[in-house]
Amino acid sequence: MPSDSQQVDTQQDRGERNPAPTLGAPLQELAIATGADDGQPKLLSDEQELRRIVDLIPQTIVVLKPDGKAIYANRVTLEYTGLSLDEVRADSFRDRVFHPEDVQRLRGARQKGLSGTVPFENEQRALGKNGKYRWFLIRYNPLLDERGNVLRWYATGTDVQDRKQTETLHAAEKRTLEMIADGASLKDVLNYLCASIDVQVAPSVTTVFLMDADGKHLVLTGGPRVPGQWISAVSPRPVTHNCGLCGKAAFSKRRVIVADVATDPGWPDEYRELALRNGIRAAWSEPILTKDNEVLGTFALYSHESRVPTDGDLALIEGAGHIARIAIERQRSQEALRSAFEEILNSEAKLRQEERELRQLIDFLPQHVLVLDKDGTLLQVNKTMLDYKGLTLEEMKGKGTRERINRDVHPDDLERVQGERSAGLSRGVPFETEKRLLGKDGQFRWFLFRYNPVLNEPGDIVRWYATATDIEDRKQAEDRMRNEAVALREDIVHSSMFEEIVGSSKGMRNIQAQISRVAPTDSTVLIQGETGTGKELIARAIHNRSKRAHRAFICVNCAAIPSSLIASELFGHEKGAFTGALQRRLGRFESADGGTIFLDEVGELPQETQISLLRVLQEREFERVGGSRSIHVDVRVLAATNRDLNAAVDEGGFRQDLFYRLNVFPIHVPPLRDRTDDIPLLVGYLVDRYAKKAGKRIRSVSKQTLQLFQSYSWPGNVRELQNVIERAVIVCDSETLRVDASWFTRTAPISKANRPFSADLATREKAMIENALRETKGVISGVGGAAAKLGLPRQTLESKIRKLRINRHRFKA
Amino acid sequence: MLNIEKNSDGHKTTIRLIGRMQAEHLPALQALIKESRPRIALDLEQLTLVDVEAVRFLGGCRRNGMALLNCSPYIREWIAKEQKSGK
């Protein structure tokens with residue numbers, strides 16, 4: 001609107017309607033006096049005074065006939081429109097003064113009001129003489145005669161341009177906020193804002209430039225009526241002090257006014273011609289700033305005429321800039337909110353996805369995973385554990401922790417596990433325990449449970465995470481290793497017995513054939529033979545050629561275990577079964593489960609143990625000493641004895657029923673004297689072995705020696721032969737092995753009453769070593785040591801000293 | 001217990017037998033020989049003990065052209081005895 005437009009104060013309350021005056025009132029006289037077209041009434045004396053008053057009223061006043069035709073206008077009206085009174089009275093007055101849109105819009109309502117007798121009003125834009133429209137509130141008040149007919153209409157116009165501008169700004173603000181709330185784009189919102197303002201400032205146009213993300217350029221975002229050619233030239237716009245109106249406003253953060261584009265030196269020359277060509281004669285730009293003085297953009301107005309903005313113009317663009325700021329900030333807030341919300345949603349979705357993946361991962365772990373509360377109550381388990389148990393989570397939880405543990409844990413582990421578990425939970429540090437857990441197939445498997453506490457920030461336990469790893473295979477392997485270790489220990493002890501396999505005499509061939517026949521079966525075998533004939537070797541051969549070859553071979557020398565302990569050794573015992581039974585111990589039968597147990601010297605078993613052994617042979621079951629639970633085992637029993645069990649049965653020392661159970665497949669191992677054909681081979685093997693051990697070179701055995709060996713009865717069998725040859729090798733000082741016949745004459749004839757040859761041999765050996773130690777004053781190694789004197793390696797001599805229990809220190813003095 | 005070590009230089013394979021060799025070890029040894037090159041030698045230096053089945057197997061190996069290296073006198077004698085009794 002023009003800056004020099006006349007401002008008309010509104011002196012009437014907008015909310016009141018003027019009461020319809022009647023004839024006789026002072027205004028009636030005025031109406032009569034001014035009703036020039038009639039020319040009838042006589043002029044009043046104070047006409048001039050009244051006209052002066054009417055002309056001084058700061059409102060436009062037009063007097064209309066009942067049909068709406070103007071007949072009078074006051075001076076304010078004439079001065080504003082620049083029309084003469086005749087022009088006001090012309091039929092074209094309305095079309096000439098009022099905005100075409102308003103004329104069209106109000107035609108019906110105006111006609112309707114004029115046809116009535118009550119006051120009415122409307123708002124319309126009236127064109128001033130400066131070529132600009134301003135908004136006016138026009139109130140129509142009728143002058144009625146005594147019968148109530150309209151004589152005149154008094155149309156008073158109040159300039160409401162500022163109010164309309166404020167209303168426009170309020171409406172624009174309200175609408176923009178609604179649009180933002182409805183999710184309209186910022187571009188749409190700002191275009192609407194500009195369009196709203198454009199209505200007020202037409203034909204001028206407004207624009208909104210927004211700061212680019214880089215903070216260095218402005219981009220046109222709103223301005224629906226800005227010429228396209230101008231937009232393409234000025235957007236984007238650098239933010240500098242010398243690059244145009246908006247760029248400068250954004251750069252300086254201050255309002256910039258160019259009153260005349262054609263001449264203003266601040267207007268860039270390269271855009272001057274283009275601006276003028278697009279009807280831009282003046283322009284002013286308002287920076288849109290945040291409360292923190294950050295530039296969001298600019299609100300600009302391009303005027304079609306060169307002029308300085310009025311206070312109203314400036315207030316308008318300032319108000320519009322304010323609305324734009326609200327719109328931009330709201331939009332950005334919403335975008336930030338939306339972005340934050342989306343981020344939260346994405347984070348949640350990602351968390352859920354990760355949780356799902358983690359859950360899947362945990363579910364597919366081969367280990368069982370459990371989550372317990374701080375007291376150890378089960379909260380969660382993974383699928384692996386549910387699958388193993390064949391239960392749902394709720395079923396897993398059961399009625400409580402105690403019931404769950406009682407249900408799931410092997411009875412033998414129960415007491416220990418409960419103790420370890422409660423101690424671990426109360427300590428509050430990681431701990432682990434091994435226990436057997438019942439599976440859905442009704443079988444127990446060993447698991448290693450590892451418990452780890454989860455602490456909150458103050459350090460209190462809030463959860464326990466537990467993993468259970470299946471260690472059944474490891475446990476079995478451990479059992480096997482333990483059994484093998486037992487077997488190995490015995491193997492080492494009895495390693496000297498393996499030479500019995502050397503030989504291919506008829507007796508040995510017969511034994512081999514029997515082993516081949518019985519090995520693949522699960523039959524119990526009773527091996528009989530004199531001591532030193534290799535009964536254990538036969539048992540091992542049977543085991544090694546059986547389907548149990550990869551399982552344990554447990555050897556028990558029944559004669560070597562005190563009778564009071566043999567039952568415990570064979571069948572195990574429970575904790576507290578007897579004094580000294582501090583913990584449960586598995587017996588040899590349990591250790592041999594799945595494999596073979598070899599009961600050497602079975603004839604020495606006490607009567608009560610024979611009964612238990614009979615039960616094992618019949619039912620494959622037994623009870624631990626002090627226990628009441630039957631334990632089932634799958635064990636093959638091989639037994640051996642050098643006693644005549646038939647005679648023992650007759651004498652009542654051995655149960656007949658047990659003898660029959662053992663004697664399913666008897667094998668009789670021949671004594672060495674019955675396989676003299678094998679003696680040369682055995683001698684060859686033993687000489688080779690001990691010569692290597694002693695570091696000697698022995699190429700042959702004298703013929704007499706060999707004859708001596710073959711003629712001797714060998715009551716100690718191969719073990720005795722081995723000892724003789726070991727001794728002969730020690731004393732041998734040539735490449736031919738010889739044995740003095742006196743070695744045998746002294747001991748022969750062998751009888752049970754006489755001292756065993758092996759014992760005599762050990763006595764002689766001990767005496768020789770002691771003599772050597774005496775000579776060397778206890779020194780073993782070195783050139784003058786006892787080992788050198790005896791022609792033995794130092795290690796061999798030390799071994800013998802230990803074996804024969806010689807106190808070497810007593811020779812040092 | 002028998003340990004078996006195999007060493008091949010591309011032309012000749014040496015199989016070293018360590019410990020005690022009995023009937024139950026023969027299938028594994030036969031398989032190893034089968035998959036080895038034709039020129040095979042069995043090194044018996046550390047073979048401490050054999051049974052009759054092992055002796056017969058070694059005798060068979062020797063008849064099939066395999067060299068028996070570092071053979072103990074008693075094993076050699078036993079092989080000879082077995083061959084003699086088998087004829």
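Buried area, as I use the term here, is the accessible area (1.4 Å probe) that two parts lose on being put together, summed over both. I am working on a predicted model, in which local features need pLDDT of at least 70 and side-chain atom pairs count only at pLDDT 80 or more, while totals for chains, interfaces and linings use all residues. Residues are numbered from 1 along each chain as its sequence is written, chains are lettered from A and ligands numbered from 1 in the order in which they are written, and side-chain values use heavy atoms, with hydrogens and water left out.

**Interface of chains A and B**

I looked up the buried area between chain B and chain A and found about 1600 Å², with carbon and sulfur atoms giving 54%. The contact (heavy atoms within 4.5 Å) draws on 19 residues from chain B and 18 residues from chain A.

For salt bridges (a side-chain nitrogen of Lys or Arg within 4 Å of a carboxyl oxygen of Asp or Glu), the rule finds one across this interface. I noted that Glu82(B) and Arg509(A) meet in a salt bridge through their side chains, at 3.2 Å from N to O.

I then asked which elements of chain B supply at least two residues each of the side that touches chain A. They are strand S4 (47–50), helix H2 (52–63) and helix H3 (73–86), where helices (H or I, at least four residues) and strands (E, at least two) are DSSP runs, numbered from the N terminus. H3(B) gives the largest share of that side, seven residues.

**Chain A as a whole**

I counted 31 helices and 25 strands in chain A. Of its 813 residues, 47% are buried, on a scale where buried means under 20% relative accessible area, exposed over 50%, and partly exposed in between (1.4 Å probe, protein chains only). Among contacts in chain A between residues at least 6 apart in sequence, I noted that 60% join residues at least 24 apart.

I placed Asp408(A) in helix H15 and Val409(A) in the loop between helix H15 (401–408) and helix H16 (411–427). Asp408(A) is buried, because its relative accessible area is 4%, and Val409(A) counts as buried at 3%. Leaving aside residues up to four places away in sequence, Asp408(A) touches residues including Arg436(A), Leu437(A) and Phe444(A); with the corresponding exclusion, Val409(A) has contacts that include Arg436(A), Leu437(A) and Phe444(A).

In strand S6 (residues 205–211) I looked at Thr207(A), which counts as buried because its relative accessibility is 1%. Beyond four places in sequence, its contacts include Cys194(A), Leu220(A), Phe299(A) and Tyr302(A).

**Salt bridges**

The structure holds 61 salt bridges over all chains. Asp145(A) pairs with Arg147(A), the closest N and O atoms being 4.0 Å apart; I found Asp145(A) buried at 15% relative accessibility, whereas Arg147(A) is exposed at 70%.

Glu348(A) and Arg352(A) form a salt bridge at 3.9 Å between the closest N and O atoms, and both lie in helix H12 (residues 311–364), four residues apart, about one turn of the helix. The closest N and O atoms of Glu798(A) and Arg794(A) are 3.2 Å apart in their salt bridge. These two residues are separated by about one helical turn, because they lie four residues apart in helix H31 (residues 794–803).
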